Amino acid sequence: PRDDGAAWTLQDNGGKPATADQSGDNGLATFNSADAPQGSRAELSSPKVSLAWLTAPELSFMLYHTTTPGNDRITVKVHVNDETHDVAYGTFTRQSDVVGWQRHTVDLSSFVDAGTIRVAFVGESDGCENIHIDNITIDEAQLVDLQLTEVSGPRRIAVGIDATYNVVVTNIGHTAIDGATLTLSEAENVV
């Protein structure tokens with residue numbers, strides 16, 4: 001559905017703000033918030049999906065964030081057997097402290113026995129910047145899932161010289177991790 005001039009479109013890459021797609025397949029979905037009146041909404045819905053084959057289903061998607069002020073946002077809703085559940089299962093704003101793609105998840109386990117569902121991304125414009133999403137999946141929730149999200153340090157190290165690297169590891173799973181080991185390698189040689 002479309003409301004007040006807002007719309008979702010499928011694009012090769014994002015504009016306003018400019019970004020390449022996250023998954024590398026030259027495609028992403030854009031909620032055209034930048035050119036829509038403040039408060040206007042539009043919905044992007046999935047086809048019907050059965051969760052019967054999953055025990056802990058989870059919606060996962062990548063959202064492109066910027067630091068530009070504004071309250072452009074998307075809300076995830078679920079339609080069960082063609083009925084709309086007007087419950088927000090997660091609201092995600094475009095504005096963040098970090099620019100770039102970030103993974104977001106929504107627990108769908110309460111819908112395992114619901115028959116079929118459709119997942120809806122409802123965009124709401126603040127008239128600032130577009131919202132880009134990519135790599136949308138519904139799959140089994142991962143209890144342990146560590147992701148290396150940032151690495152900084154020298155690209156080249158001279159022989160016999162120590163180098164310091166700063167890394168950020170993000171736990172995007174559902175279980176706390178008490179300790180982890182990070183191993184650096186070059187090609188297939190452990191460093």
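## A loop residue to start

Val-98 is partly exposed, at 43% relative accessible area (buried is under 20%, exposed is over 50% and partly exposed is in between, using a 1.4 Å probe and protein chains only). You'll find Val-98 in the loop between β8 and β9; strands here are DSSP runs of E with at least two residues, helices are runs of H or I with at least four, and both are numbered from the N terminus. The C-alpha atoms of Val-98 and Thr-67 are 6.4 Å apart, although 31 residues separate the two along the chain.

A quick word on ground rules: this is a predicted model, with local features needing pLDDT of at least 70 and side-chain atom pairs counting only at pLDDT 80 or more, while totals for chains, interfaces and linings use all residues. Residues are numbered from 1 along each chain as its sequence is written, and side-chain values use heavy atoms, leaving out hydrogens and water.

## Charged pairs

Side chains of opposite charge can pair when their charged atoms come close. How many salt bridges does a search of the whole structure find? The count is 6, where a salt bridge means a side-chain nitrogen of Lys or Arg within 4 Å of a carboxyl oxygen of Asp or Glu.

Take Asp-35 and Lys-16, whose closest N and O atoms are 3.0 Å apart. Asp-35 is exposed at 59% relative accessibility, while Lys-16 is partly exposed at 48%.

## Two more bridges

Glu-124 and Arg-73 also meet in a salt bridge, at 3.1 Å from N to O. Glu-124 belongs to strand β10 (residues 116–124) and Arg-73 to strand β6 (residues 73–80), so the pair ties together parts 51 residues apart in sequence. Glu-124 is buried, at 17% relative accessibility. Arg-41 joins in too: Arg-41, Arg-73 and Glu-124 are linked in a network of salt bridges.

Then there's Glu-129 with Arg-94, at 3.3 Å from N to O. Glu-129 is in the loop between β10 and β11 (131–140) and Arg-94 in the loop between β8 (91–93) and β9, so the bridge links distant parts of the chain, 35 residues apart. Both partners are buried: Glu-129 at 14% relative accessibility, and Arg-94 at 1%.

## The second largest pocketThe second largest pocket holds about 270 Å³ of space. A pocket is an open set of points on a 1 Å grid over the protein atoms alone, with a 1.4 Å probe and protein on both sides within 12 Å along at least five of seven lines; lining residues have an atom within 4 Å of a point. Among the 13 lining residues, Trp-101, Gln-102, Gln-147, Thr-149 and Thr-170 are closest to the centre. Strand β9 gives the most to the lining, with 4 residues.

## A nonpolar patch

Leu-148, in strand β12, is partly exposed at 46% relative accessible area. Leu-148 is one of the residues of a nonpolar surface patch with about 820 Å² of accessible area together; such patches join Val, Leu, Ile, Met, Phe, Trp and Tyr side chains within 5 Å, from residues with over 30% relative accessible area and no salt bridge. The largest share of the patch, 3 residues, comes from β12.

Conventions. Points joined across faces, edges and corners; volume = space filled by probe spheres on them. Patch = residues over 30% accessible without salt bridge, like charges linked within 9 Å, V, L, I, M, F, W, Y side chains within 5 Å. Areas by Shrake-Rupley, 256 points an atom, 1.4 Å probe, with all protein chains shown as cover.
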